[in-house]
Amino acid sequence: MSVDALAPSAFRWRRFLAVAGPGIVVMLADTDAGSVITAAQSGAQWGYSLLLLQFILIPILYIVQELTVRLGAVTGKGHAELIKQQFGRGWAWLSVATLIVTCLGALLTEFAGLAGVGNLLGVPAPLTLTLVVGALLAMALMHGYMTVERIAIVVGAFELVFLVVALLAHPGVGEVISGALTIPITDPKYLLLASANIGAVIMPWMVFFQQSSVVEKGLTPADMPSARLDTAIGAVATQLIMAAVLVAVAATLGKTGGDRTLDTVEEIVGAITPFLGDFAGKLLFGLGMAGAALVAAIVVTLTAARTLAEVLGAKHKLEDEPREAPWFYGSYAVALVACALVVGSGMNLVSLAIGVQVMNALLLPIVLGFLYLLARRLPQPHRLRGAYAAMSGAIILVTVVFGVYAGVAGLWG
């Protein structure tokens with residue numbers, strides 16, 4: 001093959017590498033501490049019965065986040081700014097309030113997860129949280145989206161160790177398939193965890209973060225093919241990690257199903273270490289949890305700060321100096337310190353994590369409703385239309401209805 005024939009392919013890969021980042025970062029953040037705990041609890045209580053849902057959610061997750069890429073690249077505006085422009089300030093504030101609640105809930109779970117990892121290593125929670133808050137504040141002051149993106153990808157890559165954990169648990173293929181096809185859809189406790197898993201995968205802050213990152217990175221409609229591939233790779237990766245956590249715990253604890261709850265990171269590690277070995281269990285799970293929690297803490301804190309400043313019409317980019325963007329940096333710092341203080345007081349991580357994920361599922365009508373309507377208002381030829389619009393609308397509707405129904409039925413069942 002000639003050099004000329006190879007050149008277009010090499011150019012496409014260089015273009016992809018230049019564009020990639022927002023999708024992979026947001027998807028690594030998607031598998032955050034709360035998601036890891038939700039997947040672990042699913043495996044402990046229901047074996048493999050929630051495994052199939054992890055794979056069903058891959059195309060749903062891609063469709064949702066692809067719309068954010070489209071909105072950001074075509075309009076050059078963040079999600080809250082677009083809602084304010086298209087629907088008015090009142091609806092924009094509703095969306096921001098929804099976002100901030102979910103971001104703070106997620107940040108609490110990230111800090112609780114990191115405190116749990118610190119406890120595994122014999123580090124007191126206050127010291128762990130102080131170090132984490134200091135590191136995240138220093139990172140924001142580095143003045144550059146690309147720097148933060150690279151840090152997030154490197155940190156988040158530690159989540160891949162969960163794939164190793166799943167393999168070391170030696171799940172039986174026949175048992176996995178049989179368990180995955182056993183779905184007790186009428187059990188309220190099962191429905192509650194199903195709703196939590198949906199909320200753990202499709203989170204409101206992901207929509208806001210990826211759209212803002214596409215804008216801050218300066219992507220245009222010409223970059224959309226590469227940005228879509230970036231998003232697709234991330235969607236597959238995050239769900240493989242969720243599935244790996246579920247399989248690892250199901251292979252060790254979930255064979256009887258329905259009678260085991262795990263309340264802390266230490267309990268999860270303590271339960272699987274007899275099967276993986278004490279050193280391997282602590283090292284691998286600790287690395288994976290730390291990576292998951294850190295990348296998510298970066299994303300959710302930036303998202304809350306960016307969006308609040310955005311709807312206020314204030315500067316909100318990492319390239320801006322603190323004196324130029326006081327709302328952005330101030331809300332970023334306040335969120336970190338406040339959540340660290342709350343977590344330092346002690347809390348049940350599993351109950352918090354599952355509660356936050358169910359809340360995410362219950363808020364999906366607002367978040368995905370705005371997302372779909374905004375995509376339908378884009379200028380041609382990028383407007384969501386035709387068969388893809390009908391399919392996307394149907395998938396979003398089914399996801400929203402089932403997520404809300406399962407959450408309500410689980411809470412009240």
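Predicted model: local features only at pLDDT ≥ 70, side-chain atom pairs only at ≥ 80, totals over all residues.
Helices here are DSSP runs of H or I with at least four residues, numbered from the N terminus. With that in hand, Val161 is placed in helix H9, residues 161-168.

Staying with Val161, buried or exposed? Its relative accessibility is 15%, and the cut-off for buried is under 20%, so Val161 counts as buried. Setting aside neighbours within four places in sequence, Val161 is in contact with Leu284, Leu287 and Gly288. As for Ile268, it is 107 residues from Val161 along the chain, and the two C-alpha atoms are separated by 16 Å.

Next, helix H15, which runs over residues 278-311. Ala309 is found in H15, and because its relative accessibility is 0%, Ala309 counts as buried. Which residues does Ala309 contact, leaving aside neighbours within four places in sequence? They are Ala314, Lys315, His316, Trp327 and Phe328. Ser195 is 114 residues from Ala309 along the chain, with 31 Å between their C-alpha atoms.

The second residue is Thr301, also placed in helix H15. Thr301 has 2% relative accessibility and so counts as buried. Beyond four places in sequence, the contacts of Thr301 are Leu107, Tyr332, Ala335 and Leu336.

On to helix H6, residues 89-120, where Leu108 has its place. Leu108 has a relative accessible area of 17%, so this residue is buried. Leu108 touches Cys339, Val342, Val343 and Leu352, again not counting residues up to four places away in sequence. Between the C-alpha atoms of Leu108 and Ala125, which are 17 residues apart along the chain, the separation is 13 Å.

Now the nonpolar core. The largest one has 137 residues, and the members that touch the most other members are Phe111, Trp205 and Leu368. Which helix gives this core its largest share? That is H15, with 18 residues.

Take Leu368 from that list. Leaving aside neighbours within four places in sequence, Leu368 is in contact with Val64, Ile202, Ile396 and Val400. A general point about helices: an α-helix has 3.6 residues a turn, so residues three or four places apart point the same way. Helix H18 itself covers residues 364-376, 13 residues in total, and spans 18 Å from first C-alpha to last, close to the 18 Å expected at 1.5 Å a residue.

Pro381 lies in the loop between H18 and H19. Gln380 and Pro381 are joined by a cis peptide bond, with omega about 5 degrees. For background, most peptide bonds are trans.

Another helix to look at is H13, residues 224-252. It has 29 residues and reaches 42 Å from its first C-alpha to its last, close to the 42 Å expected at 1.5 Å a residue. H13 is mostly covered, with 21 of its 29 residues buried.

The largest pocket has a volume of about 260 Å³. It is lined by 15 residues, and those closest to its centre are Leu53, Ile56, Leu57, Ile198 and Phe402. Which helices each supply at least two residues of this lining? They are H4 (51-75), H11 (188-201) and H19 (386-412). H4 gives the most, five residues. By class, the pocket lining has 13 nonpolar residues, two polar and no charged ones.

How many cavities of 30 Å³ or more does the structure hold? One. The largest cavity has a volume of about 30 Å³. Helix H8 (145-156) and H15 are the elements that give two or more residues to its lining, and H8 has the largest share, four residues. The residues lining this cavity are Val25, Tyr145, Val148, Glu149, Ala152, Phe209, Ile298, Val299 and Leu302. By class, eight of the lining residues are nonpolar, none polar and one charged.

Note on methods: Residues numbered from 1 in each chain as written. Heavy atoms only, no water. 1 Å grid on protein atoms, 1.4 Å probe; cavity = no way out; pocket = protein on both sides within 12 Å on 5 of 7 lines; lining within 4 Å. Points joined across faces, edges and corners; volume = space filled by probe spheres on them. Nonpolar A, V, L, I, M, F, W, Y, C, P; charged D, E, K, R; others polar. Expected span 1.5 Å × (residues − 1). Buried < 20%, exposed > 50% of the residue type's maximum accessible area, 1.4 Å probe, protein only. Contact = heavy atoms within 4.5 Å. Core = buried A, V, L, I, M, F, W, Y, C linked by side-chain atoms within 4.5 Å.
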